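This report describes one protein chain for a reader who is new to structural work. Please look at the sequence and the structure before reading on.

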Amino acid sequence: MAAKALAAEAVAARLERQEEDIRWLWAEVQRLRDEQLNASDRCQAEGPCLTREVAQLRAENRDLRHRLYRLRLCLAEELNHQAKLESAARAAAAQREAGRAGPGAQPPSSQNREEDIRKKKKEREPDLEVKNQPDFIKERLKLFETLKKDPHLLFAIYEQKGTTGKVISVRVADGETVEGEVWKTTPYQVAADISRDLAESTVIARVNGELWDLDRPLEGDCTLELLTFDDADARAAHWRSSAHVLGEAMELYYGGHLCYGPPTEDGFYCDMFIEDRAVSRAELSALEDICKAIIKERQPFERLDVSKDVLLEMFQYNKFKCRILNEKVNTPTTTVYRCGPLIDLCKGPHVRHTGKIKAIKIFKTSSTFWEGNPEMETLQRVYGISFPNDEMMEAWEKSREEAESRDHGRIGKDQELFFFHDLSPGSCFFLPRGAFIYNTLVDFIREEYHHRNFTEVLSPNVYNSKLWEASGHWQHYSENMFTFGIEKDTFALKPMNCPGHCLMFAHRPRSWREMPIRFADFGVLHRNELSGTLSGLTRVRRFQQDDAHIFCTVEQIEEETKGCLQFLQSVYSTFGFSFQLHLSTRPENFLGETELWDEAETQLQNSLVEFGKPWKMNPGDGAFYGPKIDVRIQDALGRYHQCGTIQLDLQLPIRCNLTYVSKEGDDRKRPVIIHRAILGSVERMIAILAENYGGKWPFWLSPRQVMVIPVEPACEDYALQVCSAFFEEGFMADVDLDRSCPLNKKIHTAQLAQYNFILVVGEKEKTNNAVNVRTRDNKIHGEISLTSAIDKLKNLKKSRTLNAEDEF
């Protein structure tokens with residue numbers, strides 16, 4: 001025991017010396033940096049040498065930090081081992097004492113029992129074990145440092161920095177203009193000059209529209225935006241950096257090969273190839289502890305632009321990174337980022353250092369396939385979330401608990417709405433109550449179609465591949481289509497309706513007098529989604545859309561777009577959703593005439609302005625065939641979902657040779673197609689609605705609208721009559737005739753099952769031909785005649801109100 005204690009003390013002393021070394025090195029780096037900045041003439045002559053010295057010191061600093069990190073882990077492991085030995089010694093001593101006490105000994109005290117329980121629990125927990133650092137990490141670091149000192153690379157950098165000392169103008173987003181020095185002033189320095197708090201809360205910058213690391217020097221006159229965590233791009237950068245922290249932890253813990261580690265809309269994940277094992281949920285806490293240790297070290301993020309050939313050498317140990325370089329990187333160079341021992345392909349930007357990540361949670365693991373292809377390697381995926389403060393993490397944890405209780409898969413099972421089966425993966429089986437919701441949504445849209453002059457059509461499910469080749473879908477989408485051969489020709493199940501609607505438009509000559517033509521179609525669509533991407537109702541292979549295509553003239557774009565926006569607002573307000581609008585304009589790879597694009601974008605902007613709701617511009621984010629308006633709805637949990645779309649298509653009419661006769665008699669005039677959806681996929685909308693309402697469906701959409709409960713057996717016939725009366729009027733009505741349950745339990749069961757209205761009938765109600773009404777939230781409305789109850793509920797259903805129970 002004494003030897004173990006001495007060993008622990010020796011490790012602690014070594015840690016102190018290492019920390020002193022780090023502090024000295026950091027002071028030396030600061031001194032050299034100050035000398036470089038304060039002696040510009042001398043720096044120009046000696047810059048490369050001085051830079052190499054600083055780089056060497058920084059490298060030694062990083063290596064010491066990594067050694068410190070490993071020593072801390074070793075110390076923790078040593079102390080943990082020592083505690084186990086001491087605990088075992090105490091347990092052995094207790095057993096010997098019990099043996100000496102003889103048969104009359106007292107049973108172990110409750111304190112000892114609790115200690116044993118804690119010991120067993122600790123033994124079941126995974127050790128915070130970090131394997132020996134894989135050799136590829138050391139080789140990778142060595143090459144990275146060599147690249148930083150490469151004379152050719154340094155020459156290129158200094159050639160770019162030939163104008164060092166030149167004063168530049170930096171226009172900050174609030175309109176203020178400040179001066180800086182090219183290749184020296186950084187966004188962080190600009191922010192710090194404005195306010196220290198601003199500098200610390202800023203995550204990344206946007207320089208002349210390009211996302212930028214805070215410590216990356218400015219390269220000329222520019223406009224500068226300082227982005228905090230509230231900004232979507234800044235959040236993505238924060239989570240991208242967190243993914244690198246998780247990647248570093250996974251490399252140290254498992255020694256596997258990292259694949260992808262991107263930010264998502266609600267966090268981040270890392271994929272790793274581990275040949276001989278899977279990641280266990282029990283290991284997530286250990287990974288989280290390693291991540292927290294990395295965060296405490298405040299490891300800086302370093303950016304380096306490296307040639308593709310050199311990167312193939314750097315990542316030769318990792319076939320997945322080599323695939324990315326060979327298949328995804330089409331430029332001579334690309335960027336890598338380093339934090340601690342991790343170096344990874346990444347476009348960035350990142351936070352300044354890992355210490356900016358104040359709270360992190362590693363919460364889920366799963367298996368997936370390389371790029372979702374089941375024929376490729378199996379990967380281990382680990383999910384995480386992080387925030388710049390603890391308060392945000394606490395709010396997220398509460399929100400996550402709420403989201404889990406609202407999971408649409410659980411609601412679908414508990415309420416008997418739908419299920420999936422392995423014999424038809426990705427295709428949902430809707431049970432009667434689920435089918436009622438499905439059909440009610442479709443009927444709602446059909447009713448709106450009638451008011452808005454859309455004409456519903458029916459189109460085939462199967463088309464010859466020649467149609468998809470003509471439309472352009474075959475070249476870009478054939479891998480996602482279900483194809484098969486018939487009589488030496490290739491056919492496919494349709495994944496979208498637009499080519500079929502083009503055939504409908506073109507089947508006879510069209511005149512300007514017919515325009516606009518609005519085709520709507522609820523046809524069944526099939527998309528061959530990879531099995532690894534299937535997820536409940538949100539990602540399926542078989543689905544239906546409230547799909548519509550408007551064929552109009554260029555001059556009609558603005559008016560038709562306004563109609564689509566009003567349609568969106570009408571439907572989403574019925575559901576209780578708010579929404580965001582984004583106008584995505586011409587991308588670099590656009591097809592068609594610039595003048596036509598400009599005209600189309602102008603009309604979309606005019607329609608958005610006249611619509612009167614806030615909207616944002618997404619420059620360059622349109623499709624290659626036309627600009628679009630993206631619509632994101634916000635649910636009760638504050639989450640955003642992409643459902644509706646208003647998409648202009650300037651190319652499909654050309655590919656499908658669509659024409660009409662203009663007012664001037666030109667019979668070769670091209671129409672414009674507007675792709676329009678409100679619900680999007682009906683399946684996905686049901687998932688969103690289920691989670692938004694938490695299974696408490698509004699009355700008009702509810703699969704359980706009315707439950708009739710007799711007070712006693714003598715009233716059962718009347719209860720059946722009441723139930724039949726509501727059923728005949730189109731309500732989802734049931735009656736509870738279970739004589740083994742008392743009345744109060746029946747009422748409580750109906751409320752838990754989310755019946756909107758519970759109608760209790762006894763002798764009094766039977767005599768008066770009435771019902772006694774209460775709601776699922778136990779609001780009692782009292783006795784009312786059966787006729788009046790039916791009329792009230794019919795009006796509430798027709799109005800599609802969200803609060804029928806209160807408005808009754």
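The report below treats the fold, the surface and the salt bridges in turn.

The model is predicted: local features need pLDDT of at least 70, side-chain atom pairs count only at pLDDT 80 or more, and totals for chains, interfaces and linings use all residues. Residues are numbered from 1 along each chain as its sequence is written, and side-chain values use heavy atoms, with hydrogens and water left out.

**Overall fold**

The protein chain contains 26 helices and 32 strands. These elements are DSSP runs numbered from the N terminus, a helix being H or I over at least four residues and a strand being E over at least two. Of the 808 residues, 48% count as buried. Buried means under 20% relative accessible area, exposed means over 50%, and partly exposed lies in between (1.4 Å probe, protein chains only). Among contacts (heavy atoms within 4.5 Å) with a separation of 6 or more, 69% are accounted for by residues 24 or more positions apart.

**Surface**

The chain exposes about 40,200 Å², and carbon and sulfur atoms supply 49% of this area. Accessible areas come from the Shrake-Rupley method with a 1.4 Å probe; for residues, only the protein chains shown count as cover. Val-462, Phe-484 and Ile-486 make a nonpolar surface patch of about 210 Å². Such a patch joins nonpolar side chains (Val, Leu, Ile, Met, Phe, Trp, Tyr) within 5 Å, and its residues have over 30% relative accessible area and no salt bridge; like charges are joined within 9 Å. Val-462 belongs to strand β17 (residues 462–464) and is partly exposed, at 35% relative accessible area.

**Salt bridges**

Side chains of opposite charge can pair when their charged atoms come close. A salt bridge here is a side-chain nitrogen of Lys or Arg within 4 Å of a carboxyl oxygen of Asp or Glu.

| Pair | Closest N and O atoms |
|---|---|
| Glu-448 and Arg-452 | 3.0 Å |
| Arg-539 and Glu-529 | 3.2 Å |
| Glu-783 and Lys-764 | 3.7 Å |

The pair of Glu-783 in strand β32 (residues 780–785) and Lys-764 in helix α24 (residues 763–768) links distant parts of the chain, 19 residues apart. Glu-783 is partly exposed at 34% relative accessibility, whereas Lys-764 is exposed at 55%. Glu-448 is buried, with a relative accessible area of 9%, while Arg-452 is partly exposed at 24%. Finally, Arg-196, Glu-200 and Lys-356 are linked in a network of salt bridges.
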